[in-house]
Amino acid sequence: MPRAAAIVTVVAALVGALPQAVVAQFGIYDALARSFSDVSFYMHTGGLAPATPGVQANRLSAYGIEVLLEIGAVSRPDGPPRPPADSVSVVWTQMEVTTGAAGTDTVYRYDVRRNSPAQATVPVWTFELGVGYGQLTGFRSSESDIDLRGAIRELPTVSVYATYEPSGTYLGLRSGFIRFQGLQAWDMSGQSWSGEADSFLAGVALGQSASALGFTLFVEGGYALRPFPSIRWSGAALPSGVPRSMDLHGWTIGGGLQFSLGRS
């Protein structure tokens with residue numbers, strides 16, 4: 001598969017997972033798809049904030065995929081300007097055909113243009129836009145008589161990264177649409193309830209990257225706010241131990257692998 005087609009396929013898969021209302025808001029993805037240059041895969045572990053009521057961490061883990069688009073850069077000159085191999089260029093501009101008693105004559109006209117000196121630069125800061133899809137699992141009820149299970153899906157996240165190229169250190173800001181997937185609660189008698197809720201994620205990440213064997217390896221830590229102010233439960237009357245809302249705020253630490261898809 002051509003590389004550009006691979007990028008479009010990845011982005012299409014991300015967008016395909018979205019509700020139609022969200023797809024309409026992110027219609028710019030289709031226009032940007034062929035400009036995405038890198039893809040990364042990540043795995044994280046972490047914990048929940050101590051003040052989270054009703055829930056606690058149980059081997060919290062997250063994994064996902066993200067495609068990246070460079071949206072800007074800041075560079076500095078690398079040494080003095082280098083003179084080009086040729087000081088001037090000859091550029092064809094016009095062809096004239098004239099007819100007279102001696103016959104037909106063709107005249108070609110050219111402009112002589114001076115070449116500008118080439119200036120080598122090195123990047124200092126790189127700015128990237130990331131569009132990702134991920135899942136978080138590993139939380140449970142803090143009540144011993146309630147069994148709470150489920151996952152949080154990111155559909156999708158949108159991130160902006162600023163990377164200081166000399167060291168490979170980066171800072172990221174992240175937001176996106178999140179929802180519960182397969183949220184279930186059981187009591188001691190086996191009675192069950194299904195829950196649904198949608199919300200938005202807000203988070204920050206700080207990481208370090210390094211290139212090796214043609215890939216980019218990275219490790220990062222982050223903190224995210226995941227408020228679910230209202231959960232829609234289906235089933236019989238809820239017992240007191242089943243949370244009506246959840247604030248799954250917490251920290252994560254992990255790493256991943258990033259590689260270039262290129263353009264074709």
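In this predicted model, Val88 touches Val112, Arg113, Arg114 and Asn115, not counting residues up to four places away in sequence. Val88 and Arg113 are 25 residues apart in sequence, yet their C-alpha atoms are 5.4 Å apart in space. Val88 belongs to strand β3 and is partly exposed, with a relative accessible area of 36%. The protein as a whole contains three helices and 14 strands, and buried residues make up 37% of its 264 residues. Among contacts with a separation of 6 or more, 70% are between residues 24 or more positions apart.

- Strand β3, which holds Val88, spans residues 88-100 and pairs with strand β4, residues 103-114, in the antiparallel sense.
- Twelve bridges connect β3 and β4, and the two strands form a hairpin with two residues between them.
- Thr99 has Thr104 of β4 as its bridge partner.
- In a regular strand the side chains alternate between the two faces of the sheet.

**Nonpolar cores**

- The largest nonpolar core has 23 residues, of which Ile152, Phe180, Leu183, Trp233, Met246 and Leu248 touch the most other members.
- Four strands, β2 (55-77), β5 (121-141), β6 (147-164) and β7 (169-186), each supply at least two residues of this core.
- Strand β7 provides the largest share of the core, with four residues.
- A second, separate core consists of seven residues, including Val39, Ile65, Leu69 and Val131.
- Which residues does Phe180 contact, leaving aside its neighbours within four places in sequence? They are Phe139, Ala151, Ile152, Ala197, Phe228, Ile231, Met246 and Leu248.

- Gln135 lies in strand β5 and has a relative accessible area of 13%, so it counts as buried.
- The side chain of Gln135 makes a polar contact with the side chain of Arg153 at 2.2 Å.
- Beyond residues up to four places away in sequence, Gln135 touches Ser61, Ala62, Tyr63, Ala151, Ile152 and Arg153.
- The side chain of Ser141 reaches the backbone nitrogen of Glu143 at 3.0 Å.
- When neighbours within four places in sequence are left aside, Ser141 is in contact with Gly54, Val55, Gln56, Ile146, Leu148 and Gly241.

**Largest pocket**

- The largest pocket has a volume of about 800 Å³.
- Its lining comprises 46 residues, and those closest to the pocket centre are Tyr161, Tyr170, Phe218, Glu220 and Gln258.
- Each of β1 (38-48), β2, β5, β6, β7, β9 (198-212), β10 (215-225) and β14 (250-260) supplies at least two residues of the lining.

**Backbone features**

- Where is a cis peptide bond found? A cis peptide bond joins Leu155 and Pro156, with omega at about -10°.
- Arg59, a residue of strand β2, has a positive phi near 55° although it is not glycine.
- Is Arg59 buried or exposed? Its relative accessibility is 72%, above the 50% cut-off, so Arg59 counts as exposed.
- Phi of Leu213 is also positive, near 55°, in a residue other than glycine.
- Leu213 lies in the loop between β9 and β10, and a relative accessible area of 83% makes Leu213 exposed.

Key: Residues numbered from 1 in each chain as written. Predicted model: local features only at pLDDT ≥ 70, side-chain atom pairs only at ≥ 80, totals over all residues. Heavy atoms only, no water. Core = buried A, V, L, I, M, F, W, Y, C linked by side-chain atoms within 4.5 Å. Buried < 20%, exposed > 50% of the residue type's maximum accessible area, 1.4 Å probe, protein only. Contact = heavy atoms within 4.5 Å. Pairing = 2+ DSSP bridges. Polar contact = N/O pair within 3.5 Å; in protein donor to acceptor, adjacent residues only side chain to side chain. 1 Å grid on protein atoms, 1.4 Å probe; cavity = no way out; pocket = protein on both sides within 12 Å on 5 of 7 lines; lining within 4 Å. Points joined across faces, edges and corners; volume = space filled by probe spheres on them.
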